[in-house]
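Time to open the notebook and jot down what I looked up. I'll go one topic at a time.

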Amino acid sequence: RQRAQRRDLDLHVRLEAPVRVRIDRAAETAGVSREVAAQRQSREDRLRTEMSNRLMQYDPHDSNNYDLVINTGENSLDDAVDRIVATYQERYPELVP
């Protein structure tokens, strides 16, 4: 698998959600309209992609760059955390107390 700059004891995780869910969350969190949130979301998505491509030479949308991809539109934050911790513990059992 191809990954961006692999390091020891790492776990590459991508948290994603449908755009409409991300816009709704952003509007609620920032206290702005859906239109403003949609504009911000579009700009952030573009800038994050450009930054990943230019600075780290990888496509952040390619799921092959990650050990774990979690859709937070379908999973709660607690479920996402549990999955991340479980995956890390499975990968590095020698670190589990």
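**Aromatic rings.** I found one aromatic pair in the structure. Tyr-88 and Tyr-92 make up the pair, with 4.7 Å centre to centre and 50° between the planes, so I noted it as tilted.

**Ground rules.** This is a predicted model, where local features need pLDDT of at least 70 and side-chain atom pairs pLDDT 80 or more, while totals for chains, interfaces and linings use all residues. Residues are numbered from 1 along each chain as its sequence is written, and side-chain values use heavy atoms, leaving out hydrogens and water.

**Buried or exposed?** I checked Tyr-88 and got partly exposed, because its relative accessibility is 27%. Tyr-92 has 9%, so it counts as buried. (Buried is under 20% relative accessible area, exposed over 50%, partly exposed in between, with a 1.4 Å probe and protein chains only.)

**Arg-14.** I located Arg-14 in strand S1, residues 13-16 (a strand is a DSSP E run of at least two residues, numbered from the N terminus). At 19% relative accessibility, Arg-14 counts as buried. Leaving out residues up to four places away in sequence, Arg-14 touches Pro-60, His-61, Tyr-66, Leu-68, Val-69 and Ile-70 (contact means heavy atoms within 4.5 Å). I also looked at the C-alpha atoms of Arg-14 and Ile-70: they are 6.3 Å apart, though 56 residues separate the two along the chain.

Technical notes:
Phe/Tyr/Trp six-rings, centres within 6.5 Å; stacked < 30°, edge-to-face > 60°. Helix = DSSP H or I, 4+ residues; strand = E, 2+ residues; numbered from the N terminus.
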